[in-house]
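Here are a few friendly notes to read alongside the model. Please keep the viewer open as you go.

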Amino acid sequence: LIDGVPTAMAPPGSDHARIHRALALQIGLHLERTRPDCVALIGPGVIPFAESDSNFRIPDLAVTCEPPDGGRGVK
């Protein structure tokens with residue numbers, strides 16, 4: 001959702017998916033060792049701080065140290 005308009009994206013290619021997997025694994029393992037209260041999330045919904053009523057993003061990867069939110073999205 002960008003400025004209230006649903007916006008489609010092309011699916012990632014296989015090279016992108018492999019890099020995505022490798023990064024998520026390495027970041028996740030690093031967090032387990034150094035910040036066990038944090039987690040790497042794959043494809044999380046991100047609710048931006050500004051204009052959150054009309055914008056919603058889905059990045060490849062995010063890191064959060066917030067407790068689980070019941071599926072509402074990462075802030």
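Which residue does a disulfide join to C38?

1. The partner is C65, with an S to S distance of 1.7 Å. A disulfide here is a pair of cysteine sulfur atoms within 2.5 Å, and a search of the whole structure finds one. Do bear in mind that this is a predicted model, where local features need pLDDT of at least 70, side-chain atom pairs count only at pLDDT 80 or more, and totals for chains, interfaces and linings use all residues. Residues are numbered from 1 along each chain as its sequence is written, and side-chain values use heavy atoms, leaving out hydrogens and water.

2. The link between C38 and C65 is right-handed, with 95 degrees about the S-S bond. Distant parts of the chain are brought together by this pair, 27 residues apart: C38 sits in the loop between α1 (14-34) and β1 (39-42), and C65 in the segment after β2 (61-64). Helices (H or I, at least four residues) and strands (E, at least two) are DSSP runs, numbered from the N terminus.

3. Are the two cysteines buried or exposed? C38 counts as buried because its relative accessibility is 8%, while C65, at 35%, counts as partly exposed. Buried means under 20% relative accessible area, exposed over 50%, and partly exposed in between (1.4 Å probe, protein chains only).

4. Have a look at H20 in helix α1 too. H20 is buried, at 18% relative accessible area. Setting aside neighbours within four places in sequence, H20 is in contact (heavy atoms within 4.5 Å) with I42, D60 and L61.

5. Lastly, L41 belongs to strand β1 and is partly exposed at 26%. L41 and A62 are 21 residues apart in sequence, yet their C-alpha atoms are 5.2 Å apart in space.
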